[in-house]
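Subject: Structure handover

Hi,

Here is the structure we talked about. Please load it first, then read the notes below.

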Amino acid sequence: MTETRGGDLVGANLRKARGQAGLSLSQAAELTGVSKAMLGQIERGESSPTLAVLWKLCKGLQLPLTALIGPAATPSARGPSEGQAPVRDGPSFRTLFPFDPKTGSEVFLHDLAPHWQHLSAAHGAGVIEDVFVVEGAVEILLEGEWQRVECGQALRFNADQPHGYRNPLAMPSRFHNTMHYPR
């Protein structure tokens, strides 16, 4: 299971977002495709959702990812991986810039373990992603084909279609991911 910033923060943000939208647990479950029981567990901090579940919640509730995972740490002079455990079993990510309604975007830094793969459901209509590889290499699955992006290269794609990310290397890879939401 991929944890974000902890079940309590995600749960509190989910409960707040659901309340602001005036949705019952049943209504939120219908919109997101996440069971009512799982929504309750997340809201109570009893379960930390995977990244795939977070995207389902964001898509169904029409929220940027940072609305659920909380505010970003303020950028500092520290290196991106300082204070973080090394990537071993899967991905880790952190918010570099939280959702900004002026730009309609948010930016993340992803670290992928060797040979790790993640398939993502389509995001909301009109969502565009930019991927910029800063270490290693990343392959992006688009329309059934993997496209390799090397260190120093970037790829922009429509994220309102199923897609995926994988690290084809025997070493960790790192990339920046900018999500652009339609306004």
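Helices in these notes are DSSP runs of H or I, at least four residues long, numbered from the N terminus. This is a predicted model.

**Helix α2**

Start with helix α2, residues 25–32. Ala-28, Ala-29 and Thr-32 are buried there. Seen down the helix axis, the buried residues of α2 fall within an arc of 100 degrees, so they line one face. The general rule behind this: an α-helix has 3.6 residues a turn, so residues three or four places apart point the same way. Gly-33 follows α2, and its phi is positive, near 80 degrees.

**Second largest pocket**

This pocket holds about 220 Å³ of space. It is lined by 13 residues, and Gln-62, Leu-63, Gly-124, Val-127 and Tyr-181 are the closest to its centre. Which helix gives the most to the lining of the second largest pocket? Helix α4, residues 51–61, does, with 3 residues. By class, the lining has 9 nonpolar, 3 polar and 1 charged residues.

**Salt bridges**

Side chains of opposite charge can pair when their charged atoms come close. A search of the whole structure gives 8 salt bridges.

Asp-130 and Arg-156 form one of them, at 2.5 Å from N to O. Asp-130 is in strand β4 (residues 128–135) and Arg-156 in strand β7 (residues 154–158), so the pair ties together parts 26 residues apart in sequence. Arg-156 is exposed, at 59%.

Arg-174 pairs with Glu-135, with the closest N and O atoms 4.0 Å apart. This pair links distant parts of the chain: Arg-174 sits in strand β9 (residues 173–180) and Glu-135 in strand β4, 39 residues apart. Arg-174 is buried, with a relative accessible area of 9%. Glu-135 is partly exposed, at 36%.

Arg-174 has another partner to check. A polar contact of 2.6 Å joins the side chains of Arg-174 and Asp-111. Asp-111 lies in strand β2, residues 105–112. Asp-111 is buried, with a relative accessible area of 7%.

Glu-139 and Arg-148 also form a salt bridge, their closest N and O atoms 3.8 Å apart. Salt bridges that share partners join Glu-139, Arg-148, Glu-150 and Arg-166 into one network.

Best wishes

How values were computed. Residues are numbered from 1 along each chain as its sequence is written. This is a predicted model: local features need pLDDT of at least 70, side-chain atom pairs count only at pLDDT 80 or more; totals for chains, interfaces and linings use all residues. Side-chain values use heavy atoms; hydrogens and water are left out. Buried means under 20% relative accessible area, exposed over 50%, partly exposed in between (1.4 Å probe, protein chains only). Helices (H or I, at least four residues) and strands (E, at least two) are DSSP runs, numbered from the N terminus. The arc is that of the directions from the helix axis to the C-beta atoms. On a 1 Å grid over the protein atoms alone, a cavity is a set of points where a 1.4 Å probe fits but cannot get out, and a pocket is an open set with protein on both sides within 12 Å along at least five of seven lines; lining residues have an atom within 4 Å of a point. Grid points are joined across faces, edges and corners, and a volume is the space filled by probe spheres set on the points. Ala, Val, Leu, Ile, Met, Phe, Trp, Tyr, Cys and Pro count as nonpolar, Asp, Glu, Lys and Arg as charged, and the others, Gly among them, as polar. A polar contact is a pair of N or O atoms within 3.5 Å; within protein, one must be able to donate a hydrogen and the other to accept it, and residues adjacent in sequence count only if both atoms are side-chain atoms. A salt bridge is a side-chain nitrogen of Lys or Arg within 4 Å of a carboxyl oxygen of Asp or Glu.
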